[in-house]
Amino acid sequence: MVTESQPDAATIIYTHTDEAPLLATYSLLPIVEAYAAKAGISIETRDISLAGRILAQFNDRLPADQQVDDALAELGAMATTPEANIVKLPNISASVPQLKAAVAELQEQGFALPDYPEHPQTDEEKDVRARYDRVKGSAVNPVLREGNSDRRAPGAVKNYAKAHPHRMGAWSPESRTNVATMGAGDFFSNEKSVVLPSDDSLTIRLTTPEGTTVLKDGIPVLAGEVVDATFMSVSALHTFIREQIQRAKDEGVLFSAHLKATMMKVSDPIIFGHIVEAFFPDVFAQYGDQIRAAGLSSNDGLGALLSATDNLPDGEAIRAAVEDVLDNGPALAMVDSDKGITNLHVPSDVIIDASMPAMIRGGGHMWGMDGGEHDTLAVIPDSSYAGVYQTVIDDCRTHGALDPATMGTVPNVGLMAKKAEEYGSHDKTFEIPASGTVEVVDGAGEVLISHEVETGDIWRACQTQDVAIRDWVKLAVTRARATGVPTVFWLDAHRAHDANLIAKVEQYLGDHDTDGLDLRIMAPAEACAFSLERIRQGLDTISVTGNVLRDYNTDLFPILEVGTSAKMLSIVPLMNGGGLFETGAGGSAPKHVQQLLEQNYLRWDSLGEFFALAASLEHLSGVAGNRRAQVLAETLDRATGSFLEHDRSPSRRLGGIDNRGSHFYLALYWAQELAAQSQDAALAAAFGPLAEKLVAAESTIVDELAAVQGSPADVGGYYRPDDAKASAVMRPSATFNEALASL
Ligand SMILES: NC(=O)C1=CN([C@@H]2O[C@H](COP(=O)(O)OP(=O)(O)OC[C@H]3O[C@@H](n4cnc5c(N)ncnc54)[C@H](OP(=O)(O)O)[C@@H]3O)[C@@H](O)[C@H]2O)C=CC1
Ligand SMILES: O=C(O)CCC(=O)C(=O)O
Ligand SMILES: [Mg+2]
């Protein structure tokens, strides 16, 4: 079901997502709704959680009372309209193990969903699999991102970090931490790129000695669009992984793999599976057939395999063989050494954008099986962007850890509109079934790109629309002008796709007044070195990047500068005039949910939501001519400033204020700012009494919030919490709830 509702201009859509941000929403949203109502703004929610998205795929199989709207489709359509005003919280981009867990929970809650078919055979199984594949991985963000990305640290956040620098692990000049990357036979090396002269329709076909099969046809392209294709050679990958396993052993460092199995949902789980098999070669040589026959896939990780061993004929032997490698092979980096969860357990546990910066912030260490920190060999198979991390590592080894008290900032302008580049490649990525030639052919039958491939190679094509590139260049110039900061396009003239982009950047810069701006184009590793040299001098440098480096840089620099990307301002000016306001760059923090369930303590920091909301209110005031929205936006910004000054972010451990307490303080400061402003007397009159009440009840409310900490909490579901239970857990202060209700 798709409901086509057009929001009126006084509506903000707030997304209902997953895990920690969803839990935080149960506490924050009632505050936002109450305050916005006073300005005539209605806040509507749309459920784009993993559970909601799964259910929406199966409406034809579910009874009427269990059917849900396809809110993602609705918001995707809305994002192309000028009225769109969407606050988007992070959501789960599900790996297969997460998807299966969510399906199991929904089945338990009484939804008659089919199991996820790992090896679909019948037409029905293939249909079910296709539906789950639509939900899998990064299925939300590319749909909503009808614009390019502007992510930066707000001044207040940067100043707070300088005054209260977070802990950074020390870097030793003797550190043996490094990045290992292929450099040959990989996506970078095999890339070919063309610019389409006119609107067309492309076909991708594979020709083998047995004949020609169409892998995909009817791919619409527009004049000026950049189309790339490339592949990773599976034999080169295997050789590379075997060498790195040996290297890690020889150098006495941990072996770790860093991929983006969520966003690169087709290619990267396959690469992950190859790494798992290469790490446990004897296990798969001896028991591979049995493992596959049981419907298991190495792509789902070691965790899925181990948890299924009870049902395998040789389960015990498989477990023993795995243990043997873990005990005697090179040391594997751990996700959770207490629980024995390795880097190869779950494809979505180590996600490169967050995992590499966290390692660098920690002095180049990851956790070993002994629970101690160790140097590590970070294996990043494709070499397109791996050099960026090696550059940061080399810089820290030479100059020591970066200093958050003095360092400059690297904001990002990212190309992502219209499913640009690699992150839009899923429907054009193939694990090659038989050796032959893959060709991209235009409507006239002319071959545009051709690759010789072998069985198992991972081939993919990407598209980047010309309108998206133009808009991205414009956004870069706008940010350069607004800040006066040197602005660097991270593009490598030696890479086929980037060479085409450089030509377009040079052309489109001509459409703008760039007088006096410092605009440069540098290859990623070089641009990174340049930015680092400046950052150490306290100087700022804007990075203008493609979609993948957008993702990487907007965790890398924030995590080093301000400790977490959750505190970033992350806005997407939609190309048709609407606004998408994302919260920070951070994800949905599964570890935080664990802590809430065990200790009734949520350490999620909603600063990203506060910034997104203020930007959304400001946008709304401009579009709807709603003066009160502007007052709400300005007062919220000042309240967030007080929030930072008074250090009201959740602390990490039990006993301090957590997410709920931080929301109380935001409500208090915001009410005070609204009461004190003189632009709108009615708003001041409405919020004056509330501000007084909240001040008077501060210690009661803080006590009520603290009283619940320490024992387990029940929210009625992990992927689909029970609204009443979650709301009760997240709103435990009767005094605060009453004060809010009195507004
Ligand atoms: N925009 C989106 O929708 C995004 C979604 N994701 C999804 O999120 C999930 C987890 O991804 P992962 O790579 O682990 O990244 P996360 O950002 O969720 O987690 C990494 C760590 O960052 C810290 N963190 C993140 N956000 C906050 C916050 N608001 N307040 C305090 N600390 C925060 C936490 O560290 P600590 O332990 O120190 O508290 C957390 O454990 C995946 O399902 C992924 O697909 C990921 C990125 C973006
Ligand atoms: O869509 C996703 O899977 C994650 C998005 C992400 O990491 C980001 O936008 O920074
Ligand atoms: Mg990211």
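**View 1. Packing of helix 27 in the predicted model.** The buried residues of helix 27 pack against helix 1 (19-37), helix 23 (659-676), helix 24 (681-696) and helix 25 (698-707). Helices (H or I, at least four residues) are DSSP runs, numbered from the N terminus; two residues are in contact if their C-beta atoms, placed from the backbone, lie within 7 Å. Helix 27 covers residues 734-741, and F736, A739 and L740 are buried there. Its buried residues fall within an arc of 100° when seen down the helix axis, so they line one face of the helix. The arc is that of the directions from the helix axis to the C-beta atoms. A734, E738 and A741, on the other side of helix 27, are exposed. A residue is buried if 20 or more other C-beta atoms, placed from the backbone, lie within 10 Å of its own, exposed if 12 or fewer, and partly exposed in between.

Residues are numbered from 1 along each chain as its sequence is written, while chains are lettered from A and ligands numbered from 1 in the order in which they are written. This is a predicted model, in which local features need pLDDT of at least 70 and side-chain atom pairs count only at pLDDT 80 or more, while totals for chains, interfaces and linings use all residues.

**View 2. The shell around ligand 2.** S93, S138, N141, T262, M263, D353, D551, T554 and A585 surround ligand 2. A residue is near a molecule if its C-beta atom, placed from the backbone, lies within 6 Å of it. The shell has two nonpolar, five polar and two charged residues. Ala, Val, Leu, Ile, Met, Phe, Trp, Tyr, Cys and Pro count as nonpolar, Asp, Glu, Lys and Arg as charged, and the others, Gly among them, as polar. Domain 1 (11-146 + 574-741) and domain 2 (178-185 + 233-399) both give residues to this shell, so ligand 2 lies between them. Domain bounds come from an automatic or database domain assignment.

**View 3. N141, a residue of the ligand 2 shell.** N141 is found in helix 6 (residues 141-144). With 20 other C-beta atoms within 10 Å, N141 is buried.

**View 4. The shell around ligand 1.** Ligand 1 is surrounded by 21 residues, the closest being S93, A566, G586, G587 and D605. By class, the shell divides into eight nonpolar, 10 polar and three charged residues.

Notes. Helices (H or I, at least four residues) and strands (E, at least two) are DSSP runs, numbered from the N terminus.
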